[in-house]
Amino acid sequence: MTASSHGPLGRITPPQPSILLNPGPVNVHDRVRAALTYPDVCHREPEPIDLMTTARAKATAVAGGDDSYTSVLLAGSGTAALEAALSSVVPQDGKILILDNGNYGERMYRIVAVHGIAHTRLEFGWCNPIDPAEVDAALAADPSITHVGMVHHETSTGMMNPLRAIGEVVSRRGASLVVDSISSLGAEEFDMRTDHVDWCVGTANKCLEGLPGVSFVCAPRAKFEALADVPTRTFYLDLHGHYIGQEKRKAPLFTPAVQIMYAFDAALDLMIEETVPGRVARYRALAEQVRAGLAERGIALLLGSEHHSNTVTNAYVPDGISYAQLHDGLKDEGYIVYGVQEQLGNVFRVANMGQVDAKNISGFFEALDRVLAGAGVGE
Ligand SMILES: *Cc1c(COP(=O)(O)O)cnc(C)c1O
């Protein structure tokens with residue numbers, strides 16, 4: 001692959017097409033990309049406002065919300081919606097318990113810390129499961145805790161956290177549950193109502209197969225209404241303000257990412273056509289293909305199978321090759337794999353989100369064999 005040959009003011013060469021095996025952004029369907037080329041629009045006209053109302057309803061349906069639920073769209077990646085939720089839902093005299101067993105649990109903690117929100121952080125350690133009994137004990141020990149924040153699929157390690165069991169504990173203790181479902185919505189069994197999720201945070205560009213730049217928060221309408229009593233801690237990400245704009249005034253607070261929202265709406269149509277159980281099954285089969293291929297090559301996995309998600313597989317980099325060589329060799333072959341946070345050691349990630357199929361995964365393994373052979377691994 002050629003490095004950029006243009007000067008700083010020259011025209012950019014488009015990237016080579018690649019199969020993205022990183023955990024989002026993903027390869028998208030042509031219908032999603034085509035939506036980007038709709039004619040230019042003014043965001044104060046009725047068309048984009050209809051679009052937002054429609055996309056909000058579809059996102060709510062995918063999260064398992066009924067008519068009493070709604071979603072609010074934010075311009076920004078998943079972290080924007082996460083920060084909007086965490087900074088907006090905890091009242092002045094409230095306190096949030098953050099469950100942390102990886103990079104994204106830590107991110108939730110960092111967000112509430114930045115906003116000066118009263119919090120307790122329960123650290124389980126990376127790759128360790130969250131024990132619902134410990135969550136129960138923490139809530140019993142501190143009745144001032146009003147909210148609990150957790151990640152459903154901890155994308156950094158690829159570990160599924162026991163959402164339903166934790167949801168039951170939190171609901172029994174009368175607290176509200178904020179869930180980062182950014183990498184689980186569409187890929188895993190998830191239902192806001194049965195899982196006792198009060199606030200669900202999602203994004204367009206992971207398992208919902210849209211493009212980066214739009215994220216959302218889904219909750220019962222009554223909970224959005226009740227945010228009127230919580231002090232506003234941020235101007236741009238004020239969730240109550242966005243709710244009032246989108247739901248009541250039918251006028252977005254700021255300029256929305258209209259083109260990305262058209263693409264998201266097209267992606268949601270594809271999600272609804274495939275159905276959530278259909279996509280869960282497709283992803284699970286691809287993840288099994290990835291794990292079987294790695295096992296065949298004697299490449300060890302980071303986690304035991306009981307913790308595996310349907311989309312992310314972390315595996316040890318084989319002896320005799322570095323992560324950089326592996327990544328670059330695969331990139332030259334047209335496949336993008338992903339690194340991990342340094343806490344995890346010499347591990348790489350293979351994700352199967354987006355428009356990838358079994359043929360792409362077989363192609364990846366053929367490429368991997370060439371890259372490993374080229375580096376003399378296993379000789
Ligand atoms: C991707 C991801 C996010 C959001 O990251 P962005 O960089 O804002 O896209 C948050 N939480 C989880 C679990 C994720 O996988």
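About 50 Å³ of space lies in the second largest cavity of this predicted model. A cavity here is a set of points, on a 1 Å grid over the protein atoms alone, where a 1.4 Å probe fits but cannot get out. Grid points are joined across faces, edges and corners, and a volume is the space filled by probe spheres set on the points. The lining, counted as residues with an atom within 4 Å of a point, consists of I49, M52, T53, R56, G245, Q246, K250, A251 and P252. Two elements, α2 (46-63) and α8, each give two or more residues to this lining. Helices (H or I, at least four residues) and strands (E, at least two) are DSSP runs, numbered from the N terminus. The largest share, 4 residues, comes from α2. By class, the lining has 4 nonpolar, 3 polar and 2 charged residues. Ala, Val, Leu, Ile, Met, Phe, Trp, Tyr, Cys and Pro count as nonpolar, Asp, Glu, Lys and Arg as charged, and the others, Gly among them, as polar.

The model is predicted, with pLDDT of at least 70 needed for local features and 80 or more for side-chain atom pairs, while totals for chains, interfaces and linings use all residues. Residues are numbered from 1 along each chain as its sequence is written, and side-chain values use heavy atoms, with hydrogens and water left out.

A search of the whole structure finds 2 cavities of 30 Å³ or more. Two or more lining residues come from each of β2 (69-75) and α8 (239-249). Strand β2 provides the largest share, 3 residues. The lining has 11 nonpolar and 3 polar residues, and no charged residues.

Open space was also examined. A pocket is an open set of grid points with protein on both sides within 12 Å along at least five of seven lines. The second largest pocket holds about 250 Å³ of space. It is lined by 20 residues; nearest its centre lie T79, Y104, R107, I182 and K206. Helices α3 (78-89) and α4 (103-114) are the elements that give two or more residues to this lining. The largest share, 3 residues, comes from α3. By class, the pocket lining divides into 7 nonpolar, 9 polar and 4 charged residues.
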